[in-house]
Amino acid sequence: MDLLPEETSRMKNKHGFRSLKLVNVAMDDVFAENPVGVEYGRLDNGLFYYVRSNPKPKMRAALALAVKAGSVLEEEDERGVAHIVEHLAFSATAKYTNHDIVKFLESIGAEFGACQNASTSADETIYELLVPVDKPELLSQAISVLAEFSSEVRVSEDDLEKERGAVMEEYRGFRDANGRTQDARWVLMMEGSKYAERLPIGLEKVIRTVSPEIVKQFYLKWYHLHNMAVVAVGDFYDTQRVVELIKIHFGQKVSASGPPPLIPFFPVPSHMEPRFSCFIESESAGVSTQKIFDLSMYSAVMISCKMPVGELRTVKDYRDSLAEAMFQHALNQRFYKISRRKDPPYFSCSCAADVVVRSMKAYMMTSTCKEKGTVEALESMLMEVARVRLYGFSEREISVVRALMMSEIESAYLERDQMQSASLRDEYLQHFLRNEPVIGIEYEAQLQKTILPQITAAEVSKYSENFRTSCSCVIKTVEPRATATVDNLRNAVLKINSLEEEKSISPWGDEHIPEEIVSKKPDPGSIVHQFEFSNIGVTELLLSNGMRVCYKCTDFLDDQSNEGAFSAVEGAFFFNGWMLLLQSNGGALCFGGLPRIDSLSGVSVLFTGFTYGGLSELSENEYFSCSMGSTIAGEIGVFGYRPSMLMDMLAGKRAEVGTKLGAYMRTFSGDCSPSDLETALQLVYQLFTTNVEPGEEVKIVMQMAEEAIRAQERDPYTAFANRVRELNYGNSYFFRPIRIRDLRKVDPRKACEYFNNCFKDPSTFTLVIVGNLDSAAARPLILQYLGGIPKPPEPTLHFNRDDLRGLPFTFPATIIREVVRSPMVEAQCSVQLGFPVELKNDAMMEEIHFVGFLSKLLETKIMQVLRFKYGQVYSVGVSVFLGGNKPSRVGDMRGDISISFSCDPDISWTLVDLALNEISRLQEEGPSDQDVSTILEIEQRAHEMGLQENYYWLDRILRSYQSRVYSGDVGASFEIQDEGRSKVREALRPSTAQLALQRILPFPCRQQYSVVVLMPHTSRLELLKSVFQSTRNKYGRDAKILVGIGGLTVLALSLWRYSRSTLKS
């Protein structure tokens, strides 16, 4: 039997790219000023417009209003006003009041936050909408909303007072460890320019006290139609009709300020001598993800070199931008290899270049390192750039990067018909705001195909000159405790400069890279059974080694924004666009696998394999070692090669595979472009056939883990999250976070042995593949690399789902109201309100869907109360955890629903009671018809969007296999779940929603719940001061405090003040 596939349409397309003609261009050829492929023009009142038809996603339009007005235009008494205007736009306009814009958009399925949002930066403000257009009037109404933003925002005393609390809470959210670090870096970089004192979030004093007159003055002055553009990209059958709608809604608008104001240009001064700062940050962030690779958990070094923004007008400018991108890729690959060495100077390091503000571009390098390791990391970073200046990159390094970039443009070209409307919208926004040319993907592919092979290693290497410390360089370290000084940093710079001048730096040594991932191709397996499930368009293969493979062919393109939706299948799933947490990894720390040096945006094939039996089967003595299995094995190399070597082997290919050890399942997940499916399946084959042995890499892993744990112990949010977990899920070892003492008990050999066994027996795994597949081409690859995985002589980690050991989940049986106090640099407050959930087995399918609807209802209604009515929160989140039981096919399902928000510490308990009151009201009176209609519409629109996305189909098929109704027929299981959704949608009315709230939550809700509030640690002095505090203004207290105990408090406060003052010197 001939296993070679015939040439498919996809392969023909691939050949189409390879036969794409090169272009004959001169370097001084100038790009057209007008964007390609879009209806582009200007109304008589000065407004620019961009309109383009694009079918992805179907029956949706991505809209935007861009305003060339940001925080840099503010006067001293306006600091924060640009951002306040953005908030007010959604609150009240001439036609809408009391957040009716938000309510209207949600009523048509455009969810607040996800589909209607805005952002304010130093130079511009952008309003974005993603709306359905399957009804003629919807697009017109959405464009009319943007027109209201342009000139009809209402600024009354009442409107402003309602929005102050939400803006203040957003401000408070920016004052955590990450926010302070970023702000300090910004001020240091922008020193000497107006940008330094115009952070978009503004000043607390202005947010609390600015008058409506000042806000209105800013709005009327800078929101001028000459400085605005409206962008509409969507599934339009007639773009001229859309242009007419823009003319109808915007054409009669007139800017109140008369002639358009001149937008000032604010330069950022250059400087020959580098600037230094040693920033002390006693807290760390990112604990919620519990990933060791979260950069905010470590000491860090940041190097920025500033230059004026250049133009991108000619072919030569474009060629230079490609060479610059190649430089960044090549240097990042070196940084990654250094980070994986024995005793590396840093855990991670990367470089990038970006236009930071209108007048300045920054070339940046950032590394994370161990505590007390910042000087060593700085020296290594500077030395690597100096090495490039001395010797350049090798031809092999450049060939790897060239292949990578050629692969990226090839995928973009082949998948040009799958481009999402939001991505095209962003291109046109950059054309308006940054004068970036829009030349079309077809011409850009020709240009890159022509130019990339011509760019030499010498051309690429010259970009190392941009990182000279004489190029307006700013060097900043961030540490939890002061170890490095400015003199240390200055001496490190002098040391590397001296070594470079003396040419005492050795050349880079390339390592040998194997040609093939799989050195010896396995003998293909065979198909034992094949099943077609036409109702969902999938094919299932039972292979000769026992692995079950299910694939669905689509023509969807998923971008990286969906990353994570399929990479942690046991951790969460999407209920018609809403995430429900099913299982837990407890307190385990997690690594990623091989970091993405290149973006995998544009992947078209997603896959996940799973089997039952995970960490819940382990005893406490085994748990801590085995839970580190993925982390340790990932650093050693789970595919038969060190990660740094595999990175080079995968150059030019778009494929990734990662693993996860969960409570009840072991999974591997991946993504790839259609043309790299073979590479992805080879990685899966290597995963199952590689025997990982602990080596010197273990030392790096354990060092990173220890640093991460120490960082979490300094973080107030760690103490908060740990206490919530302990109260709601019990204080078992599984939910308890790993401590240093636990880490020191980890046996790397046992961890690797467990990991090897987790991915050894293919007969226990079910693999689901969804994406742009050609069945004829994919099946031989499936047989060879999946069917060719050898089955061990004895079953390995073979479990029945009904016999798994359940987690020790125990939600408190009484009311718990508790405060967690923690020392903070600036006062923060976070609230988590939780309720137990128990779903009965006899109506499980419907109950799960009810939970999804009710969680969105609770989120919407509590948001309306806490933000839109009282204006005291920025956002409200509702999450569902249903992992209190093992995934058995019998028995009830237990878990919890949690409501979370951050707020002013002084009013936290008041807001808790307001939230409880709203839930009680919904249980006793039920929601309104409009509430139910809105939730149904949001869910339906999310469902429609999901049907056009690979990750959504992947998740639904996986859930069909993992459903308790699954008995061998995935199509039938899928239909039962779909029927459950339909039944709930048909039944959902105010009365049924009310009954479901009574049935699923404790009723009344005040009889059983837990609430934990994170508060700043309050010193005795502050308690005394609070007694005399005026009650006339309960928001008047300055939150900028640093507390602790005894002399440590005084020392920490002085260090904090010192770091702040050095930023201004």
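Helix H4 (residues 136–151) packs against helix H9 (residues 239–250) in this predicted model. Helices here are DSSP runs (H or I) of at least four residues, strands (E) of at least two, numbered from the N terminus. The two axes lie 9 Å apart, at an angle of about 40 degrees. That makes H4 oblique to H9. Angles under 35 degrees count as roughly parallel, over 145 as roughly antiparallel, 65 to 115 as roughly perpendicular, and the rest as oblique. Axes are lines fitted to C-alpha atoms over the stretch in contact, and angles run from 0 to 180 degrees between N-to-C directions. H4 passes H9 in a right-handed crossing; that is, the near helix is turned clockwise from the far one by less than a right angle.

Contact means heavy atoms within 4.5 Å. The table lists the residues that make it.

| Helix | Contact residues |
|---|---|
| H4 | Leu139, Ser140, Ile143, Ser144, Leu146, Ala147, Ser150 |
| H9 | Val242, Leu245, Ile246, His249, Phe250 |

Next, the nonpolar cores. Such a core is a set of buried Ala, Val, Leu, Ile, Met, Phe, Trp, Tyr and Cys residues joined through side-chain atoms within 4.5 Å. Buried means under 20% relative accessible area, exposed over 50%, partly exposed in between (1.4 Å probe, protein chains only). The largest core has 131 residues. Leu63, Tyr127, Val131 and Phe250 have the most contacts inside it. Helix H26 (residues 844–869) gives the largest share of this core, 14 residues. Apart from it lies another core, of 97 residues, among them Phe624, Leu683, Ile957 and Tyr961.

Trp909 sits in helix H27 (residues 908–925). Trp909 counts as partly exposed because its relative accessibility is 25%. Beyond four places in sequence, Trp909 touches Arg817, Glu818, Val819, Val1011, Val1013 and Met1015. Trp909 and Val1013 are 104 residues apart in sequence, yet 8.3 Å apart in space, C-alpha to C-alpha.

Now the whole chain. The chain has 1065 residues, and 61% count as buried. Its secondary structure comes to 33 helices and 25 strands. Of the contacts between residues at least 6 apart in sequence, 85% join residues at least 24 apart. The chain exposes about 41,300 Å², and carbon and sulfur atoms supply 51% of that area.

Residues are numbered from 1 along each chain as its sequence is written, and side-chain values use heavy atoms, leaving out hydrogens and water. In this predicted model, local features need pLDDT of at least 70 and side-chain atom pairs count only at pLDDT 80 or more, while totals for chains, interfaces and linings use all residues.

Technical notes
Areas by Shrake-Rupley, 256 points an atom, 1.4 Å probe, with all protein chains shown as cover.
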